[in-house]
Structure formats: structure tokens, C-alpha cells
Amino acid sequence: MLGDKDSIATVAVKNMEAAAKFYEGKLGLTALPAPEASVRSYKNGSSKLLVYESQFAGTNKATAATWFVGSEVDGIVKDLKAKGVAFEKYDMPNTTHEGDVHVSGKMRVAWFKDPDGNIHALINQSS
């Protein structure tokens, strides 16, 4: 039923203006035409990210959206850090840290939060 349908990541935020500064200004996503002021979609690659205002913004303690960036993980981390994005460090079994990148075998992943605390990831694996 849904196996051949597209899905998108959805993120709740408290303040759309602050979210726009982060998603557009820091992450470089392109805003799509919005049906209303409290909802915004962003184009990224061949997918989209839906951002909407909610009182429950930032309450998810797990990864909300993941970007599959291949071998560009380290370069993107460096570029985002230069724009003021802070990266998270998690202690995980069989995982080491190379700067802000978590390494587990061939997997390289870095996590960061948006202004509301929503967790996002960059990973070297393909989608």
C-alpha cells in the first residue's frame, strides 16, 4: 500500500523565523512555497523536509532526519561548524570519535540539533 509512495522527514519547531534562519541560512536548504505561515517545506536533494510550528517542538529524543552524504561527512561537518552548528557526542558501543564524527566500522555519522533541540544526522552510507 505505501511501499511505492514517497515519505518525508517532519520536524516540529517553536518559532518558524528562527527555524528558517537555521534550515535556510545554516544548512542551505531551499524553501518551497508554503501553504501557510506555520508550515514550511524545504527541498534537499531529491527529498523534502517538512517543518511546522508545534508546542511539542524538540521533545523527540531520537534522530528526526538523516542526510545520506556519502564521503562528504567530514567536509560538511567542517562547513556547518564554521556556520556555528554544534555537533553532539554520544557514547555508543563499538564506536570511536574522530573529532565530531562517530566511527563504527565503515560507518561515519555526525549528529547536530536545530534551535529547538531536534536531532539530525549526517551519514556516509547511501539511502
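Let me start with one residue. Asp100 counts as buried because its relative accessibility is 14%; buried means under 20% relative accessible area, exposed over 50%, and partly exposed in between, with a 1.4 Å probe and protein chains only.

A word on the source. This is a predicted model, where local features need pLDDT of at least 70, side-chain atom pairs count only at pLDDT 80 or more, and totals for chains, interfaces and linings use all residues. Residues are numbered from 1 along each chain as its sequence is written, and side-chain values use heavy atoms, with hydrogens and water left out.

Back to Asp100. Where is Asp100 found? In the loop between strand E7 (96-98) and strand E8 (101-104). Helices (H or I, at least four residues) and strands (E, at least two) are DSSP runs, numbered from the N terminus. The side chain of Asp100 makes a polar contact of 2.8 Å with that of Lys81. A polar contact is a pair of N or O atoms within 3.5 Å; within protein, one must be able to donate a hydrogen and the other to accept it, and residues adjacent in sequence count only if both atoms are side-chain atoms. Set aside neighbours within four places in sequence, and Asp100 is in contact with residues including Val77, Phe87 and Val109. Contact means heavy atoms within 4.5 Å.

Now a residue in another loop. Asn94 sits between strand E6 (87-88) and E7. Asn94 is exposed, with a relative accessible area of 72%. Its phi is positive, about 55°, although Asn94 is not a glycine. Most residues other than glycine have a negative phi.

Next, the helix. In H1 (residues 16-26), the buried residues are Met16, Ala19, Ala20, Phe22 and Tyr23. Why do the buried residues of H1 line one face of the helix? Because, seen down the axis of H1, they fall within an arc of 165°. That arc is taken from the directions from the helix axis to the C-beta atoms. An α-helix has 3.6 residues a turn, so residues three or four places apart point the same way. On the other side of H1, Glu17 and Lys21 are exposed. What covers the buried residues? The cover includes strand E1 (9-13), strand E3 (39-44), E4, strand E9 (107-113) and strand E10 (119-123).

Look at the two ends of H1. At the start, a side-chain oxygen of Asn15 comes to within 2.9 Å of the backbone nitrogen of Glu17. Just after H1, Gly28 has a positive phi of about 80°.

On to the rings. How many aromatic pairs does a search of the whole structure find? Six. Rings of Phe, Tyr and Trp (its six-membered ring) pair if their centres lie within 6.5 Å; planes under 30 degrees apart count as stacked, over 60 as edge-to-face and the rest as tilted. Phe22 and Tyr23 are edge-to-face, at 5.2 Å centre to centre and 90° between the planes. Phe22 and Phe112 are tilted, at 6.3 Å and 45°. Phe22 is in helix H1 and Phe112 is in strand E9, so this pair ties together parts that are 90 residues apart in sequence. Phe22 is buried at 6% relative accessible area, and Phe112 is buried at 1%. Ring pairs link Phe22, Tyr23, Tyr42, Trp67, Phe87 and Phe112 into a cluster.

Last, the sheet. An open sheet of four strands runs in the order E1-E4-E3-E2, with mixed pairing. E1 and strand E2 (30-31) stand at the edges with a single partner strand each, so one side of each has no neighbour in the sheet. Two strands pair if DSSP finds at least two bridges between them. E3 and E4 pair antiparallel over six bridges. Arg40 stands opposite Val51 in E4. H1 packs on the sheet, touching E1, E2, E3 and E4, and its direction makes about 5° with that of E3. Those axes are lines fitted to C-alpha atoms, for helices over the stretch in contact, and angles run from 0 to 180 degrees between N-to-C directions.

E3 and E4 form a hairpin with two residues between them, and Gly45 in the turn has a positive phi of about 60°. Lys43 has Lys48 in E4 as its bridge partner. Is Lys48 buried, exposed or partly exposed? Partly exposed, at 43% relative accessibility. That is my last residue.
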